[in-house]
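Here are my notes for you on this one. Keep the picture open while you read, and take the points in order.

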Amino acid sequence: MNTAIVHIDCATDSIPEVAEALAALDGVSEVYSVAGNVDLIAIVRVARFEEIADVIAGRISKTPGVVGTESHIAFRAYSKHDLEDTFAIGLPDAD
């Protein structure tokens, strides 16, 4: 799986509508409304690396209300959830 994190600037009066439109796009797995320098962050997950450009340049950037993007390609994922699954031996949690 190839992953990109896309920071998205939107027209301020259409952030919720843009977020919903982006979340419906093929290749976009999640969209977050965030505080900070950008309005939205989208997580793009695709099977082939070449598809990243199709999703970002071909779909996200062309979505009405998107005024700019900055993309970050993920090299490797580190996740507490992945580590928990790796070391689980099938016993129920002690909690």
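1. Let's begin with a term: a salt bridge is a side-chain nitrogen of Lys or Arg within 4 Å of a carboxyl oxygen of Asp or Glu. Glu50 and Arg48 give an example, with their side chains meeting at 3.7 Å, N to O. That value is inside the limit because the cut-off is 4 Å. Do remember that you're looking at a predicted model.

2. How many salt bridges does a search of the whole structure find? The search turns up 2. Besides the Glu50 and Arg48 pair, there is one between the side chains of Arg45 and Glu30, at 2.5 Å from N to O. Arg45 sits in strand 3 and Glu30 in strand 2, so this pair ties together parts that are 15 residues apart in sequence. Arg45 is partly exposed, at 36% relative accessibility. Glu30 is partly exposed too, with a relative accessible area of 25%.

3. Now for a charged residue with another story. Asp39 is buried but has no salt bridge. Which side chain of opposite charge is nearest to Asp39, and how far away is it? It's Lys62, 21 Å away. Since a salt bridge needs the two atoms within 4 Å, Lys62 is no partner for Asp39 at 21 Å.

4. So what does Asp39 have around it? Look in the loop between strand 2 (28-33) and strand 3 (40-46), where Asp39 is placed. A polar atom of the Asp39 side chain lies 2.7 Å from the backbone nitrogen of Cys10. Leaving aside neighbours within four places in sequence, the residues in contact with Asp39 are Ile8, Asp9, Cys10, Ile15, Tyr32, Ser33 and Val34.

5. Thr3 lies in strand 1 and counts as buried because its relative accessibility is 18%, and the cut-off for buried is under 20%. Ala4 is in strand 1 as well, and is buried with a relative accessible area of 0%. Leaving aside neighbours within four places in sequence, Thr3 touches Ile43, Val44, Arg45, His72, Ile73 and Ala74. On the same terms, the contacts of Ala4 include Ala42, Ile52, Ile56 and Ile73. Ala4 and Ala53 are 49 residues apart in sequence, yet their C-alpha atoms are 9.9 Å apart in space.

6. Finally, the nonpolar core. Which residues have the most contacts inside the largest one? They are Val6, Ile8, Leu22, Leu40, Val44, Ile56 and Ile60, in a core of 18 residues. Strand 1, helix 1 (15-23), strand 3 and helix 2 (51-60) are the elements that give two or more residues to this core.

How values were computed:
Residues numbered from 1 in each chain as written. Predicted model: local features only at pLDDT ≥ 70, side-chain atom pairs only at ≥ 80, totals over all residues. Heavy atoms only, no water. Helix = DSSP H or I, 4+ residues; strand = E, 2+ residues; numbered from the N terminus. Buried < 20%, exposed > 50% of the residue type's maximum accessible area, 1.4 Å probe, protein only. Lys, Arg positive; Asp, Glu negative; His and termini not counted. Polar contact = N/O pair within 3.5 Å; in protein donor to acceptor, adjacent residues only side chain to side chain. Contact = heavy atoms within 4.5 Å. Core = buried A, V, L, I, M, F, W, Y, C linked by side-chain atoms within 4.5 Å.
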